[in-house]
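Biologist: Hello! Could you show me how to read a few features of a structure that is new to me?

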Amino acid sequence: MSSIATSPTAPAVEKRDTGSRKPVSIGTILAWVFMGVILLVTLIPFYWMIRTAFSSNAALYSGATSLLPVDFNTGSFARVFGLQTGEAAIAEGGSGQAINFWRYLANSIVVATVVTIGQVFFSACAAYAFARLKWPGRNLVYTLVLAGLMVPAIFTFLPNFVLIKQLGLIDTLLGISLPTMLMSPFAVFFLRQFFMNVPVELEEAALLDGSSKVGIFFRLILPMSAAPIATLSILTFITSWNDYFWPLMVSYTDNSRVLNVGLGVFRAQNPNTGPDWSGLMAAALVAAIPMLVLFACSAKRIVNSIGFSGIK
């Protein structure tokens, strides 16, 4: 009688793909090289600003070709913040006159905040009216609003200046804020794209529950639009913070000068040896840091919100 021996089943050997990876195309390499060049060109001015800010203005001209700070010191920042005496500032090549930095900073914060709150709120109201309300001439009015995107801002400076002067708001923070705090064609377009994606059934259910159109806007639409509204607020705040030409036209004293205009005043305070470039770069760096931090923290939200709103 014979017995049949059974051998244990051998474990299955997992087959791995031993094929070579797809080679990188020349187009991909050229694209990365191009992006690297663009990044380098973008960052070199910012690096040069940092290098100049930490240099001594008196020794700056002798080491103009140096890639590192010349006679490294932080005196330029002390001049910006008003922490350096006039004698010490002149000894380092400064003008001996400190700018009213904190006043300019406070003015910039007030103007940017007022413009952001007003522009986002009124643009949201207009965007909801264009997206949901039905009234005669709606499409024509919306087309005219979008046509405002094609009008260069410089064309509106003179009529805005005449209006602000007639209202008696020259050299005031409200005069700086008023032309841009009511509405923006881009903001209306941006929010309308999102409002049109909100399901109509939600509004119909709210109407059946007895809510009015105003109640739907404040209790339903705005809470659902928190992401695009936050994105638009960040973009509006950055744009208002960086504005220069209009505040320069309207503000004449420190009572209403914003930080960007204050940098121009600081630039005009020339000592005998020439402009205080290190102090000017230090002031520009301090003014840019808040916006760089704000944009870095919100860059992903901005990109996602723009894609979700249908802007391609």
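Modeller: Gladly, starting with burial: buried means under 20% relative accessible area, exposed over 50%, and partly exposed in between, with a 1.4 Å probe and protein chains only. A salt bridge is a side-chain nitrogen of Lys or Arg within 4 Å of a carboxyl oxygen of Asp or Glu. For charge, Lys and Arg count as positive and Asp and Glu as negative, while His and the chain ends are not counted. This is a predicted model, where local features need pLDDT of at least 70, side-chain atom pairs count only at pLDDT 80 or more, and totals for chains, interfaces and linings use all residues. Residues are numbered from 1 along each chain as its sequence is written, and side-chain values use heavy atoms, leaving out hydrogens and water.

Biologist: Is Arg51 buried or exposed, and how far away is the nearest side chain of opposite charge?

Modeller: Arg51 is buried and has no salt bridge; Asp71, the nearest side chain of opposite charge, is 12 Å away. Arg51 sits in helix H1, residues 26-53. Helices (H or I, at least four residues) and strands (E, at least two) are DSSP runs, numbered from the N terminus.

Biologist: Which backbone oxygen lies 3.5 Å from a polar atom of the Arg51 side chain?

Modeller: That of Leu68. Contact means heavy atoms within 4.5 Å; leaving aside neighbours within four places in sequence, the contacts of Arg51 include Leu60, Leu67, Leu68 and Pro69.

Biologist: Where does Arg132 lie, and why does it count as buried?

Modeller: Arg132 is in the loop between helix H5 (101-131) and helix H6 (138-147). It counts as buried because its relative accessible area is 14%. The Arg132 side chain reaches the backbone oxygen of Val198 at 2.2 Å. Arg132 and Phe195 are 63 residues apart in sequence, yet 7.9 Å apart in space, C-alpha to C-alpha.

Biologist: Which residues make the nonpolar surface patch?

Modeller: Patches are made of residues with over 30% relative accessible area and no salt bridge; like charges are joined within 9 Å, nonpolar side chains (Val, Leu, Ile, Met, Phe, Trp, Tyr) within 5 Å. Here, Phe121, Phe122, Leu182, Met183, Val214 and Phe218 make a nonpolar patch of about 550 Å². H5 and helix H11 (213-224) each supply at least two of its residues. Phe218, in helix H11, counts as partly exposed because its relative accessibility is 42%.

Biologist: How many helices and strands does the chain have?

Modeller: There are 15 helices and zero strands. Of the chain's 312 residues, 37% count as buried.

How values were computed:
A polar contact is a pair of N or O atoms within 3.5 Å; within protein, one must be able to donate a hydrogen and the other to accept it, and residues adjacent in sequence count only if both atoms are side-chain atoms. Accessible areas come from the Shrake-Rupley method with a 1.4 Å probe; for residues, only the protein chains shown count as cover.
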